[in-house]
Amino acid sequence: MPDTSTGERAIEADIVTDFSKRMSYGSYLHLDTLLSAQVPVSTPEHHDELLFIIQHQTSELWLKLVLHELLAARDMLARDQLQPALKALARVKHIQRSLTEQWSVLATLTPTEYAQFRGYLGNASGFQSWQYRAVEFLLGNKNAGMLKVFESNPDAYELISSVLNTPSIYDEFLRFLSRAGFAVPTSVLERDVTKGYEFRPELVDTFREIYENPTQHWQAYETCEELVDLEDNFQLWRFRHMKTVARIIGMKRGTGGSTGVGFLQKALDLTFFPELYAVRTEIR
């Protein structure tokens with residue numbers, strides 16, 4: 001018979017309720033610390049500043065996981081552990097979707113609402129996100145000049161320096177291909193990994209061989225497409241970011257001194273894995 005009673009639902013007898021000497025959900029997640037980290041600076045406190053803070057804090061939490069997974073994937077590629085590396089990249093793709101969808105929440109912030117507390121942000125800007133910069137470096141878009149932005153933060157500077165001075169995901173994939181017998185020029189394998197990756201036309205034929213013979217080279221073929229997915233998702237995130245900024249502040253300069261929308265538009269021209277796009281023109 002269905003339970004037709006009304007009122008409070010009884011707590012099941014085996015549910016733990018005494019946490020005086022046990023670890024609780026809140027203590028495991030350090031919720032006291034986490035939920036006290038939203039500290040608006042506007043005076044009087046503006047209602048919508050909480051949205052702005054939470055949007056960026058949650059993005060940073062997801063970026064922390066993206067970085068964790070990409071570093072693991074890179075190291076697994078270096079050890080020829082391709083399948084676990086692909087699993088890590090698949091997780092990153094799901095995180096990217098969450099990051100992109102988050103912009104729709106921030107887009108509920110109107111220009112008038114943001115203008116009422118924007119001045120309190122000073123020069124604080126997402127441009128200064130060291131985790132975002134580490135992700136871009138790890139994907140191959142390196143720029144040593146960015147280090148000066150983080151000189152006042154030793155931990156951030158150490159992280160960015162570490163990623164700058166070690167191979168990118170793409171570097172390790174190309175090394176993996178070389179070990180697997182594919183033609184990868186020595187100049188690519190021995191390139192200065194502190195520099196941003198640049199298009200190498202000689203690699204297009206290598207990828208053409210992979211794409212035109214997917215059954216024979218399935219693992220390499222699958223990895224190529226995973227990397228293209230990763231870049232596509234990143235570009236969607238960049239585009240959604242740019243459109244959200246345009247919606248809220250128009251063509252104003254960014255709080256960090258950038259040209260704002262103009263700066264974000266230029267980022268859409270950047271690519272991490274250029275040969276994986278160039279090969280598409282060559283496939284017959």
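## Stop 1: the core

Start inside: the largest nonpolar core has 67 residues, and those with the most contacts inside it are L70, Y170, F173, L174, L177, F207 and L276. A nonpolar core here is a set of buried Ala, Val, Leu, Ile, Met, Phe, Trp, Tyr and Cys residues joined through side-chain atoms within 4.5 Å. Buried means under 20% relative accessible area, exposed over 50%, and partly exposed in between, with a 1.4 Å probe and protein chains only. The largest share of this core, 11 residues, is supplied by α11. In soluble globular proteins, nonpolar side chains tend to be buried together.

Before going on, a word on the model: it is predicted, local features need pLDDT of at least 70, side-chain atom pairs count only at pLDDT 80 or more, and totals for chains, interfaces and linings use all residues. Residues are numbered from 1 along each chain as its sequence is written, and side-chain values use heavy atoms, with hydrogens and water left out.

Now select L70. Leaving aside residues up to four places away in sequence, L70 touches L89, V92, V135, L138, L139, I169 and L230; contact means heavy atoms within 4.5 Å.

## Stop 2: the whole chain

Zoom out and colour by secondary structure. Helices (H or I, at least four residues) and strands (E, at least two) are DSSP runs, numbered from the N terminus. The C-alpha trace spans about 70 × 60 × 40 Å along its principal axes. Of the 284 residues, 40% count as buried. Among contacts between residues at least 6 apart in sequence, 71% join residues at least 24 apart.

## Stop 3: α3 beside α4

Select residues 49-78 (α3) and 82-106 (α4): these helices pack at an angle of about 165°, with their axes 9 Å apart. Axes are lines fitted to C-alpha atoms, for helices over the stretch in contact, and angles run from 0 to 180 degrees between N-to-C directions. α3 and α4 are therefore roughly antiparallel. Angles under 35 degrees count as roughly parallel, over 145 as roughly antiparallel, 65 to 115 as roughly perpendicular and the rest as oblique. The residues of this contact divide into 21 nonpolar, 6 polar and 2 charged. For that sorting, Ala, Val, Leu, Ile, Met, Phe, Trp, Tyr, Cys and Pro count as nonpolar, Asp, Glu, Lys and Arg as charged, and the others, Gly among them, as polar.

## Stop 4: the covered helix α6

Next, select residues 130-139. This is α6, mostly covered, with 9 of its 10 residues buried. Among the buried ones are R133, E136 and F137. What covers the buried residues of α6? Look for α3, α7 (154-164), α8 (169-179) and α11 (218-249), which are included in that cover. Just after α6, click on G140, which takes a positive phi of about 115°.

## Stop 5: α11 against α13

Select α11 again, together with residues 274-282 (α13): the two helices pack at an angle of about 110°, with their axes 9 Å apart. That makes α11 roughly perpendicular to α13. Show side chains, and you will see C224, E225, L227, V228, E231 and D232 in α11 meeting L276, Y277 and R280 in α13. The residues of this contact divide into 5 nonpolar, no polar and 4 charged.

## Last stop: E190

Finish in the loop between α9 (186-189) and α10 (204-212), where E190 is found. Is E190 buried or exposed? At 63% relative accessibility, E190 counts as exposed.
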